[in-house]
Amino acid sequence: MAERAGIETSVAIGDAVKAADADVIAAYPITPQTHIVEHLAELVANGELDAEYIPVESEHSAMSACLGSAAAGARTFTASAGQGIELMHEVLYVASAMRLPIVMAVTNRAVSSPLSVWGDHSDVMSCRDVGWIQVFVENGQEAVDHTICAFRIAEDNNVLLPVMVNLDGFHLSHVIEPITVPDREEVEKYLPPNSYPLPLNPDKPVAMGDFAPPFIFTEAKWAQEMNIRKSYDHIIKAWQEFGEQFGRHYHPVEHYRTEGATTLLLTMGSFSETAMTAIDSMREKGEKVGLIRLRLWRPFPFEELRKALKGVDTLVVLDRAISVGGPGGPVASEVKAALYNQKDRPSVVSFVGGLGGRDVTREGFETIINRGREIAEKGSENEFEIHGVRE
Amino acid sequence: MINSSVYVPRILPELESFTPGHRACVGCGEVLALRLAFKAIGRDAIVANATGCMEIIASQLPYTNWKVPWIHTLFENTAAVASGIEAGLKAKMRKGHLPRRDTRVVAIAGDGGTADIGFQALSGALERGHNFLYICFDNEGYMNTGIQRSSATPYGATTTTSPAGKQSIGQFTWKKDMPGIAVAHNIPYVATACPSYPVDLIDKVKKGVETKGPAYIHIFSGCPTGWGCASDLTIKLGRLAVETGAFPIYEVENGRYTVNITPEKLKPVKDYMKPQRRFRHLTEDAVKEIEKRLREEYHKLLEKAECQS
Ligand SMILES: Cc1ncc(C[n+]2csc(CCOP(=O)(O)OP(=O)(O)O)c2C)c(N)n1
Ligand code: SF4
């Protein structure tokens with residue numbers, strides 16, 4: 001049995017990839033992802049992980065090599081962030097449309113310019129439509145667990161989609177925490193060998209990635225949409241079985257002290273841990289506030305979210321990315337869209353904060369919630385507010 | 001070169017891995033080169049194909065012309081995709097997830113997918129030493145998108161993005177030396193070929209796939225549509241390109257150069273250029289200038305080969 005020990009999240013992710021016995025790792029270094037791929041290079045160099053490590057010359061090639069490797073039926077992992085995600089952007093669409101089960105850890109980072117190596121969600125928010133399953137984690141243990149779950153989900157023959165595990169750059173990637181990394185034997189019980197149904201194999205030739213004229217392109221896209229929608233149940237099942245085996249349970253939308261709450265805060269990623277402390281302190285003052293966290297970003301958990309917001313007056317959404325010249329927070333605008341046709345819906349207030357590595361403190365969260373309630377009551381001229389900005 | 005011309009009917013495998021019924025233009029040199037190359041490669045191969053003519057003409061859903069496993073993803077990443085396939089097979093065989101065998105990974109791309117947008121991915125894959133064969137089908141332009149220039153377009157050719165005009169000779173840069181750049185990566189095998197010399201082409205592709213480590217073959221492939229010539233001239237123009245020194249046929253094995261086809265006396269370059277609309281605007285002087293530089297380059301190549309022997 002694996003033991004709980006103090007370990008850096010990035011290193012633990014590398015160990016999880018080892019426990020999953022990945023066959024191919026193709027990666028290009030970028031802060032704050034480096035510790036993951038450095039650790040994996042070391043594991044391969046020491047013979048602790050029997051895998052091919054391809055030190056590619058760019059992220060575009062990293063994801064492209066992953067396409068080839070996954071199409072050959074190999075268990076495939078990469079990691080990236082920020083500019084790296086932008087550089088591989090074009091390739092991301094191909095991975096999902098061609099149903100290639102690739103797992104990628106994204107240590108979320110701001111996107112230039114100005115250059116910032118620090119965390120926010122700008123990178124992943126530019127990938128909303130790439131067709132990947134996208135999960136957000138809140139601490140080191142979750143990063144490990146969801147890396148393992150990601151292989152299981154991606155390679156599930158009912159799914160066959162690439163999975164992105166998002167963890168906040170630095171705030172999470174570089175933090176040392178007590179983490180249990182399940183060992184190979186335990187993971188083997190949970191994660192069957194990769195059985196990609198039609199790999200590139202000369203004994204059974206297939207053509208992958210044909211071009212589609214208008215008479216069939218729409219059908220190809222619809223098939224893709226049906227595929228990711230249907231993946232939902234299999235994601236839930238994979239998490240349930242993980243919970244049964246490892247005792248840690250995960251859900252598409254997670255609640256914290258939401259009972260009887262009339263105001264909810266919604267966050268994604270590591271900010272939720274600080275947000276919880278803000279909720280605790282406000283609850284102590286007798287305020288009816290709670291927190292919900294979106295864990296599953298794609299496929300979007302419409303029903304769970306609507307259920308979670310039943311009877312709530314105000315929903316305050318904090319985004320760690322900004323849709324410049326648009327609706328402000330991408331998460332807020334999607335949440336609004338999901339609720340618009342509901343009869344009983346809260347008013348949704350959008351905040352953007354924590355950009356480029358800026359902290360949001362417990363007091364900050366309290367300010368956001370209070371200001372959110374004020375806006376819900378009195379209205380505002382702005383589509384969104386930006387927390388803590390100096391004008 | 002193995003002197004196999006005597007045995008041609010016996011050594012040319014009947015097996016076709018690329019079937020008829022594709023959509024290439026009449027007289028397409030690329031598709032002929034492709035077919036010949038896969039006669040040499042056989043069926044135990046996996047192909048990664050860049051976007052471009054050879055992809056578009058053979059893959060319209062729900063059809064394919066390929067009898068070997070084939071993957072197309074994007075324009076510029078084919079060498080990287082091939083790296084991934086090779087690594088995937090290697091890991092799976094080593095770990096006992098796949099029976100050990102010598103499946104060849106072959107990446108194919110046009111000159112644009114090779115010398116321009118796919119240049120970095122190719123350089124990376126060659127430098128990392130993957131065990132694969134990369135074939136560039138060089139028709140000297142982006143033909144799939146309507147005859148735009150590439151860095152492999154020859155000096156003086158008019159294309160839709162290097163048009164000849166009052167202020168322009170057409171393409172004003174010299175053809176990028178892709179085989180030379182491949183050689184600079186210190187890979188075990190680099191060769192040039194042309195479907196006008198099918199036996200040489202097949203021999204080289206065989207050598208290429210049998211090489212342990214990266215191999216690069218640059219195949220000069222006539223394109224009647226892009227070059228503006230009659231569709232029955234593809235083979236003849238390929239010969240003329242070689243006989244005039246416009247495209248020398250050579251190979252570089254572990255750094256050692258051999259010029260495989262050495263005409264006793266080079267023919268005038270105008271014989272090669274004249275039947276092609278893309279060169280028609282060039283003055284006699286301009287053609288002379290081009291000839292002069294081509295000869296210099298040709299002699300440099302001969303010297304490289306001679307210095308070693
Ligand atoms: C990123 C990207 N940029 C541009 C294109 C458009 N495009 C597709 S094929 C092609 C030209 C192909 O030229 P080449 O590689 O020389 O092959 P050919 O068609 O001549 O055989 C271009 C420009 C693309 N598909 N992807
Ligand atoms: S445009 Fe040229 S290369 Fe493309 S299919 Fe036609 S002849 Fe062949």
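**A walk through the model**

Let's start in chain B, with Glu140(B). It is buried, with a relative accessible area of 5%. Keep in mind that this is a predicted model. Where does Glu140(B) sit? Glu140(B) is in the loop between strand E4 (133-138) and strand E5 (164-165) of chain B. Look at its backbone too. Phi of Glu140(B) is near 65°, a positive value, and the residue is not glycine.

Chain A has a residue of this kind as well. Phi of Leu160(A) is positive, near 50°, again in a residue other than glycine. Leu160(A) lies in the loop between helix H7 (140-155) and strand E7 (163-168) of chain A. Is Leu160(A) buried or exposed? Its relative accessibility is 7%, so Leu160(A) counts as buried.

Next, the cis peptide bonds in chain A. One runs from Thr31(A) to Pro32(A), with omega near 5°. Pro32(A) is in the loop between strand E2 (24-26) and H2 of chain A. Another cis bond joins Arg298(A) to Pro299(A), and there omega is near -5°. Pro299(A) belongs to the loop between strand E13 (296-298) and helix H11 (302-308) of chain A.

Stay in chain A for a moment. Helix H2 there covers residues 34-45 and holds Val37(A). Val37(A) has 4% relative accessibility and counts as buried. Val37(A) and Val11(A) are 26 residues apart along the chain, and their C-alpha atoms are separated by 8.8 Å.

Now the helices of chain B. Take H2, residues 29-41. At 1.5 Å a residue, its 13 residues should span 18 Å. The end C-alpha atoms are 18 Å apart, which agrees. How many of the 13 residues of H2(B) are buried? The count is 11, so the helix is largely enclosed by the rest of the structure. Among the buried ones are Leu34(B), Leu36(B), Phe38(B) and Ile41(B), and also the charged Glu30(B) and Lys39(B). After H2(B) comes Gly42(B), with a positive phi near 80°.

Helix H8 of chain B covers residues 198-210. It also has 13 residues, and it reaches 18 Å from its first C-alpha to its last, close to the 18 Å expected. Its buried residues include Val199(B), Leu201(B), Ile202(B) and Val205(B). Asp200(B), Asp203(B) and Lys204(B) are on the buried list too.

On to the ligand. Which residues surround ligand 2? The shell comes from chain B and includes Cys25(B), Cys28(B), Cys53(B) and Cys223(B). By class, the shell has seven nonpolar, two polar and one charged residues.

Salt bridges next. Over all chains, the structure holds 44 of them. Here is one between Arg128(B) and Glu57(A), with the closest N and O atoms 3.0 Å apart. Arg128(B) lies in helix H6 (residues 119-128) of chain B, and Glu57(A) is in the loop between strand E3 (52-54) and helix H3 (59-71) of chain A, so the pair joins two chains. Arg128(B) is buried, at 17% relative accessible area.

Another bridge links Glu142(A) with Arg295(A), with the closest N and O atoms 2.8 Å apart. Glu142(A) lies in helix H7 of chain A and Arg295(A) in the loop between strand E12 (289-294) and E13, so the pair ties together parts that are 153 residues apart in sequence. Glu142(A) is buried, at 7%. Arg295(A) is buried as well, at 1%.

Then a bridge within one helix. The side chains of Glu297(B) and Arg293(B) meet at 3.3 Å, N to O. They are four residues apart in helix H12 (residues 284-308) of chain B, which means about one helical turn between them. An α-helix has 3.6 residues a turn, so residues three or four places apart point the same way. Both residues are partly exposed: Glu297(B) at 32%, Arg293(B) at 35%.

Salt bridges link Asp21(A), Asp23(A), Arg184(A), Glu188(A) and Lys95(B).

Last stop, the surface. Ile322(A), Val324(A), Ile386(A) and Val389(A) make a nonpolar patch of about 340 Å². Val324(A) sits in the loop between strand E14 (314-319) and helix H12 (330-339) of chain A. Val324(A) is exposed, with a relative accessible area of 73%.

How values were computed:
Residues numbered from 1 in each chain as written. Chains lettered and ligands numbered in written order. Predicted model: local features only at pLDDT ≥ 70, side-chain atom pairs only at ≥ 80, totals over all residues. Heavy atoms only, no water. Patch = residues over 30% accessible without salt bridge, like charges linked within 9 Å, V, L, I, M, F, W, Y side chains within 5 Å. Areas by Shrake-Rupley, 256 points an atom, 1.4 Å probe, with all protein chains shown as cover. Salt bridge = Lys/Arg side-chain N within 4 Å of Asp/Glu carboxyl O. Buried < 20%, exposed > 50% of the residue type's maximum accessible area, 1.4 Å probe, protein only. Near = heavy atom within 4 Å. Expected span 1.5 Å × (residues − 1).
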